[in-house]
Number of protein chains: 2
Amino acid sequence: MASKQGSKSQKKKGKEVKKETGLGLTNKKNDNFGEWYAEVVVSGEMIEYYDISGCYILRPWAMAIWENMQVFFDAEIKKMKIENCYFPLFVSESILQKEKDHIEGFAPEVAWVTKSGQSDLEVPIAIRPTSETVMYPYFSKWIRGHRDLPLKLNQWCNVVRWEFSNPTPFIRSREFLWQEGHTAFATKDEADQEVLDILELYRRIYEEYLAIPVVKGKKSELEKFAGGLYTTSVEAFIPNTGRGVQGATSHCLGQNFAKMFQIVFEDENREKALAWQNSWAYSTRTIGVMIMVHGDDKGLVLPPRVAAVQIIVIPVPYKDANTEAIYDACTSTVNTLTEAGFRVKSDLRDNYSPGWKYSHWEMKGVPLRIEIGPKDLANKQVRVVRRDNGAKQDISTEGLVMNVKEILHNVHDNMYNTAKQKRDTCVKIINTWEEFVVALSEKKLILAPWCDEEEVEKDVKTRTKGEMGAAKTLCTPFDQPRLPEGTLCFASGKPAKKWTYWGRSY
Amino acid sequence: MASKQGSKSQKKKGKEVKKETGLGLTNKKNDNFGEWYAEVVVSGEMIEYYDISGCYILRPWAMAIWENMQVFFDAEIKKMKIENCYFPLFVSESILQKEKDHIEGFAPEVAWVTKSGQSDLEVPIAIRPTSETVMYPYFSKWIRGHRDLPLKLNQWCNVVRWEFSNPTPFIRSREFLWQEGHTAFATKDEADQEVLDILELYRRIYEEYLAIPVVKGKKSELEKFAGGLYTTSVEAFIPNTGRGVQGATSHCLGQNFAKMFQIVFEDENREKALAWQNSWAYSTRTIGVMIMVHGDDKGLVLPPRVAAVQIIVIPVPYKDANTEAIYDACTSTVNTLTEAGFRVKSDLRDNYSPGWKYSHWEMKGVPLRIEIGPKDLANKQVRVVRRDNGAKQDISTEGLVMNVKEILHNVHDNMYNTAKQKRDTCVKIINTWEEFVVALSEKKLILAPWCDEEEVEKDVKTRTKGEMGAAKTLCTPFDQPRLPEGTLCFASGKPAKKWTYWGRSY
């Protein structure tokens, strides 16, 4: 083994020259995070920049992650008897503007179609920024009696928000992919329950698929969905920038849209009643959070449960070795693991050295690398190298499937735990404005006692304005620490009502 | 059994009053087909008409069919190592116009975004009518050497074609869902082969999933894809209107786009060469063809392999019968069939009579209905009623799964065979212009010997212009009858080169 190691590290060293000239990242995650991110999404082949600003090409490597999440989520909502549908991309101006708060929230970002071919349209038509106003006129039509409820729909689609501030791949783009669920119930209790059931699915996407810890909580009045009753979210945190990210949202719309769109049903007592509605969504933003949280200076680090390729098998031939036998062993390893249900590929290209391939697949973030050289062949083993921590391990061919399963499980857990530890290190509990200002400058995720007044949040925003953006509430976590009697709001000095997370956000 | 039948048909008769007042279709398929279609898509809950003309809401009943086809096709193209991706909805004007023939084909239908919020955009931005021009600048970037080929991408997305002629749900809408595959190869042979491999998948969607016979063939020069080298298609036929429908297309683009977009690679001899490209697509139009071909005066008739619900289980309680036991039997039937992999539901609503439910689920086209009444319970059997031909059969509970499997298989085959027989009856082989005109007036699918000259096709179009629309070529079938030496073109009198299908089309 020793000699193999020596020869391999030599080989690797030899390749490092090549790596520096082409393969590696020029930016370091901890030195210049923004540039690192912009580079890693391209070098990892997730994104190609597009000639229209704020639009990005999702390459297969990213799309596969989206699809893997979709398989999970789509199956779960189908179990909840939510049905998929598809509503038009376009919405007419008059209907878009029916709910005042809602349109105020979205109007500045709406893209308008005004021409087809050479002709002007009679009236401009909006492209959906979200589909409440697209769908609810038809909810009104379909819902007549209490037996028509609940109505539970979902669609997988693209939406457009023509934002002008700082576009960022996945995180803030003018077009993005998402699912949007829209449901209507006879009672508030049912709506409340579904908000939480969906939020739990979103937590699972982040924690069980993307290996990212999130906080479940409620948005402030200022931050809730425009036109809704209340908004819950899962909030992630990016330690490098000290910014929170709204990971996904599950809104209870109350009866507000039902009033505007006349979604009225006859209840069991033959009385007219307004439906209770929810809407909820997660988007391709999830992928951006995943890259930001897990990536490192070698490139992407993909969580095993969503990675397009979980295991890459690389032959390590030597001059005098039986190259054909090594290639055969690679192929049979791929076959064994594929049959066992893993997503696995081999890289048998003969014009790249093993070292080049290591760097390439590290850049792409494949969770496990299997190397097969002459020694491995002789010993009926393979060498397994983890992307998350670099750990190497020789595994007998016989126990391959069971071991790989366990290692991938460990990779996921380790990625989650590492991310959680980093996140937790950033959490700062504060009680006073002075502590708040210090914590904010230290890029902390700030947990503070708050009086829960909208004016106070606005005031905090004003007082923290600056180049980096103002601080705001991220969420009030469901899991509340004890709030001792007499605790005062860090910002207003009034009696505090709750612990709330504050910080800058994406 | 006799008494049950008597009582049931009585019950049914009783309900027919109700049926006429609400549930049935007011139009007959053979009397006024257009109105029948417009009605059945709504009454069958496939479509809801939308307030923007030419846009339609795909309800869950339609979306499930789309998803069932998608599962098949997506798995098949993944086997062919085609990868999913997602390119932006928007394309800038300068790039859209790069390929002259292509933009000429699509320009009149392009929707333009010119405003966001209250601001005018600096330059108008087009919404993709198809994505050749969106994607190929990046093919040019990604393809450098022969090892970068083949490049095989697909996306599932919406596209917009702002057509003004006669919008029809599924068949011709301003926005529709489709998949579009875009591939690049080093050699024409590889491209040619893929065109046919994909076309075979399209044939399978129609014949094996939608139970619709199609003709594989090549489009004329006039009818081929704008900017492409040649177009192949699967062509379906609607006997009621005597119109052909282009079911799906698989294009070889040749090197034309490669030239415009500089998709150049270094071949094995280090020479620069242009890539050979294909593009191919099928859309939600498939669903419209399915409705037109199979639907009847009672509503939709869904092919079992795509139906959201393959079997509907309906309790038939009687006054003195043990209602609970009947409901339990329904539930256990659903469970047994679900476990066996069928898509099955029960309709246990107590505010609708069995007769109303029969009509309701017939309207929605569910392939099999299972009725369970007291006699069935006593005899440990269920009654199975086919939607396609109304045939009834009592099946012992014991043999349920095997029998249902076989019956559904027969339903599919019978639907296909019936559709094929109707289609074949419409095929008319002609040799002269006089015969052609008669056949066209009789709404036939016309197979005629043709000289294959573009001017002649244009001439036929001119000579057949009228209210119903002009006749044109549908395709030249790959499966060619013998063309006797000396056969003349039906339209020009010149020597015929091939047999080609002609007719009006959607």
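Thanks for coming, everyone. Please keep in mind throughout that we are looking at a predicted model.

Take Ile127(B) and look around it. Setting aside neighbours within four places in sequence, Ile127(B) is in contact with Phe90(A), Val113(A) and Ile127(A) from chain A. As background, nonpolar side chains tend to be buried together in soluble globular proteins.

Next, a residue in chain A that I would like you to find on the screen: Thr249(A), which sits in strand S11, residues 243-254. Is Thr249(A) buried or exposed? Its relative accessibility is 9%, so Thr249(A) counts as buried, the cut-off being under 20%. The side chain of Thr249(A) makes a polar contact of 3.4 Å with the side chain of His251(A). Beyond the neighbours within four places in sequence, Thr249(A) is in contact with Tyr202(A), with Thr231(A), Thr232(A) and Ser233(A), and with Ser279(A), Trp280(A) and Ala281(A).

Now please turn to chain B, where there is a sheet to go through. It is an open sheet of five strands with mixed pairing, in the order S16-S15-S17-S18-S19. Which strands are at the edges? Strand S16 (344-346) and strand S19 (392-396) of chain B are, each of them pairing on one side only. From one strand to the next, the twist averages 25°.

Looking at one pairing in that sheet, strand S15 (residues 311-315) of chain B runs parallel to S16(B), and three bridges join the two. Val313(B) has Ser346(B) in S16(B) as its bridge partner. What packs on the sheet? Helix H10 (residues 323-339) of chain B does, touching S15, S16, strand S17 (368-372) and strand S18 (381-386) of chain B. The direction of H10 makes about 165° with that of S15(B). Helix H11 (residues 354-363) of chain B packs on the sheet as well, where it touches S15 and S17 of chain B. For H11, the angle with the direction of S15(B) is about 170°.

On to the backbone. In chain A, the peptide bond from Leu149(A) to Pro150(A) is cis, and its omega is near -5°. Pro150(A) is placed in the loop between helix H6 (132-142) and strand S7 (151-160) of chain A. In chain B, Leu149(B) and Pro150(B) are also joined by a cis peptide bond, with omega about -5°. Pro150(B) is in the loop between helix H6 (132-142) and strand S7 (151-160) of chain B.

Phi of Asn166(A) is positive, near 35°, in a residue other than glycine, and Asn166(A) is in the loop between S7 and strand S8 (175-185) of chain A. With 63% relative accessibility, Asn166(A) counts as exposed. For Asn166(B), phi is near 30°, again a positive value, and the residue is in the loop between S7 and strand S8 (175-185) of chain B. Asn166(B) is exposed too, at a relative accessible area of 61%.

Last topic: rings. How many aromatic pairs does a search of the whole structure find? Over all chains, 60. One of these is the stacked pair of Tyr352(B) and Trp356(B), 3.8 Å centre to centre with 25° between the planes. Tyr352(B) is partly exposed at 26%, whereas Trp356(B) is buried at 13%.

A second pair is Trp433(B) with Phe490(B): the centres are 6.1 Å apart and the planes are at 10°, so this pair is stacked. Trp433(B) is in helix H14 (residues 433-441) of chain B, and Phe490(B) is in the loop between strand S22 (472-477) and strand S23 (498-505), so the pair ties together parts that are 57 residues apart in sequence. Both of these residues are buried.

Finally, ring pairs link a cluster made up of Tyr50(A), Phe87(B), Tyr136(B), Tyr138(B), Phe139(B), Trp142(B), Phe257(B) and Phe261(B).

Notes. Residues numbered from 1 in each chain as written. Chains lettered and ligands numbered in written order. Predicted model: local features only at pLDDT ≥ 70, side-chain atom pairs only at ≥ 80, totals over all residues. Heavy atoms only, no water. Helix = DSSP H or I, 4+ residues; strand = E, 2+ residues; numbered from the N terminus. Buried < 20%, exposed > 50% of the residue type's maximum accessible area, 1.4 Å probe, protein only. Polar contact = N/O pair within 3.5 Å; in protein donor to acceptor, adjacent residues only side chain to side chain. Contact = heavy atoms within 4.5 Å. Pairing = 2+ DSSP bridges. Axes fitted to C-alpha atoms, helices over the stretch in contact; angles between N-to-C directions. Phe/Tyr/Trp six-rings, centres within 6.5 Å; stacked < 30°, edge-to-face > 60°.
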